[in-house]
Each structure stands twice: as structure tokens, then as C-alpha cells.
Amino acid sequence: MLVGYESNNPLRNSRQHGDFSRELIARIADRHINGYRAMLFTKNVKRAYRTYFSGNSNVSTYVPTGLSRLLPSLWLRFSLNSIIKTEQVKVKLYHGLNSELPYGLDRDIKTVITYYGLSNHNKNSLMDRLFWRTRLHYAFRASNRIIAVDEKARVELLDAGVPEDKIVVIGVEGHPFEVTDQLADAYYEVYRDLVGD
């Protein structure tokens, strides 16, 4: 199973979301070495994280090349579908770790987002909040599953009109950013449920 990840959090973020995302990917890769591979799609990689996954042969990174490097945010939002479908990549499932999905992914590519709750997605300016909310609601509609990190996040999703059968709560109540083996296995089971082995 090849899982593509939106990887700005694990490869660029030194805060809670970044730590959670890095640890989650590493735990899944360590625990499910047979048949699991992770492809991390990101605009660029912070120097501090360039070697973070280097010891794991199941994890590889994909950054924009050529002219795409000039507008990496657009590349991440709009160009991934053509890359994901290529013979070299063939991603079966795409996971938006920052609650977002690229636009225009084919329907045969299953999608998952992790939703941390509105309190964990505070944006500074009005424009940031507007753009983020638009992308978030697109991800709510387009995703096959939404992983809520706690019960509060699940209630927010229901209030936003997300069907209950699309939501899975996976997290340690009161400690939504704690990654355990059981949590990593639960994420992996969501992947298997959508695409099989």
C-alpha cells in the first residue's frame, strides 16, 4: 500500500502538528513494514528534517522540480493528481495531515484528512481564515474519511454537516497529539479499510 501524505507538517513544522505527523508516519512505517510505503509531498523540506526519515526505506519525499519550484504552494494544491497517477508513484490513498486535500484528485484515489478542531487551526488574518475555511470545507466534501483527534473535533465536524459515517475518532482523549502504537495501528486500519492491503 502506497500512501501519499501532505507533508508540510512533518517536513516543515517544528510545533505540535509537525511532531505529531512525523511520529505518526514513523510509527506506521516501523510497525507495518510489509507492503506499506509512504510518499511525502511537500513544498520544500526544512534543514532540521532532511534526514528525519532517512533510516526508513519505506518513506520517501517528493518536492517540486523545475518551474514548479517557483510556485510550490500551487504545485501542492493543483498539480499532485498528475504526479500521483504516474507509473513511478501510483498512490492508492492520500492523507491530508493538515486537514487539507489538493484539488482535483481522481476518485479512484481514496482520501483521508486528520481534523484537529478549530482551536488548533487558528489563522491570523481574516484572509487566512477565509482561505483556510474554504480549503477545509472542500476537504470535508472530498475526503472519504475524516479522522477526528477527539470527541470535540467530531462534534465540530457534525456541526459543519459532515455525515457521521465519514468520521472516525482516533486519539487519546485529553492528549490528541500523543502518538502510541495503538494510535498508529488505528490509522493504518482506516487506510486498509479504504484500499485493502
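Student: Which residues form one aromatic cluster here?

Tutor: The general idea comes first: a pair of aromatic rings is described by the distance of the centres and the angle of the planes. Rings of Phe, Tyr and Trp (the six-membered ring of Trp) pair if their centres lie within 6.5 Å; planes under 30 degrees apart are stacked, those over 60 are edge-to-face, and the rest are tilted. In this structure, the cluster is made of Phe 20, Tyr 116, Phe 177 and Tyr 187. Please keep in mind that this is a predicted model, where local features need pLDDT of at least 70, side-chain atom pairs count only at pLDDT 80 or more, and totals for chains, interfaces and linings use all residues. Residues are numbered from 1 along each chain as its sequence is written, and side-chain values use heavy atoms, with hydrogens and water left out.

Student: How many aromatic pairs does a search of the whole structure find?

Tutor: The search finds 11. One of them joins Tyr 52 and Phe 53 edge-to-face, at 4.9 Å centre to centre with 75° between the planes. Burial is read from relative accessible area: buried is under 20%, exposed over 50%, and partly exposed in between, using a 1.4 Å probe and protein chains only. Tyr 52 therefore counts as partly exposed, at 38%, whereas Phe 53 is buried at 8%. A further edge-to-face pair is that of Tyr 115 and Phe 140, with 5.6 Å between centres and 75° between planes. This pair links distant parts of the chain, 25 residues apart: Tyr 115 sits in strand β5 and Phe 140 in helix α4 (residues 126–142). Both Tyr 115 and Phe 140 are buried.

Student: Which residues have the most contacts inside the largest nonpolar core?

Tutor: In soluble globular proteins, nonpolar side chains tend to be buried together. A nonpolar core is a set of buried Ala, Val, Leu, Ile, Met, Phe, Trp, Tyr and Cys residues joined through side-chain atoms within 4.5 Å. Here the largest core has 33 residues, and Tyr 5, Ile 28, Tyr 36, Tyr 187 and Tyr 191 have the most contacts inside it. The elements giving two or more residues to this core are β1, α2, β2 and α6, and the largest share, 7 residues, comes from α6. Apart from this core lies another, of 25 residues, among them Leu 2, Ile 83, Leu 105 and Leu 136.

Student: What is Tyr 5 in contact with, leaving aside its neighbours within four places in sequence?

Tutor: Contact means heavy atoms within 4.5 Å. The partners of Tyr 5 beyond those neighbours include Ile 25, Ile 28, Tyr 36, Met 39, Tyr 94, Leu 97 and Tyr 191.

Student: Where do the buried residues of α2 pack?

Tutor: Helices (H or I, at least four residues) and strands (E, at least two) are DSSP runs, numbered from the N terminus. The buried residues of α2 pack against β1 (2–6), α1 (8–12), β2 (37–41), β3 (59–62) and α6 (181–195). Among these buried residues are His 17, Phe 20, Leu 24, Ile 25 and Ile 28. The expected span of a helix is 1.5 Å times one less than its number of residues. With 16 residues (16–31), α2 reaches 22 Å from its first C-alpha to its last, close to the expected 22 Å.

Student: In what order do the 7 strands form the open sheet?

Tutor: Two strands pair if DSSP finds at least two bridges between them. The order is β3-β2-β1-β4-β5-β6-β7, with parallel pairing. β3 and β7 (167–169) are the edge strands, each pairing on one side only. Axes are lines fitted to C-alpha atoms, for helices over the stretch in contact, and angles run from 0 to 180 degrees between N-to-C directions. Neighbouring strands of the sheet are turned by 25° against each other on average, direction ignored. Helix α5 (residues 151–159) packs on the sheet, touching β5, β6 (145–148) and β7, and its direction makes about 165° with that of β7.

Student: How many bridges join β2 to β3?

Tutor: There are 4, and the two strands run parallel. Ala 38 has Val 59 of β3 as its bridge partner, while Met 39 stands opposite Ser 60. β1 and β2 pair over 5 bridges, also parallel. In β2, 4 of the 5 residues are buried.

Student: What is the phi of Ser 99?

Tutor: Ser 99 has a positive phi of about 70°, although it is not a glycine. Ser 99 lies in the loop between β4 (93–96) and β5 (110–115) and is buried, with a relative accessible area of 0%.
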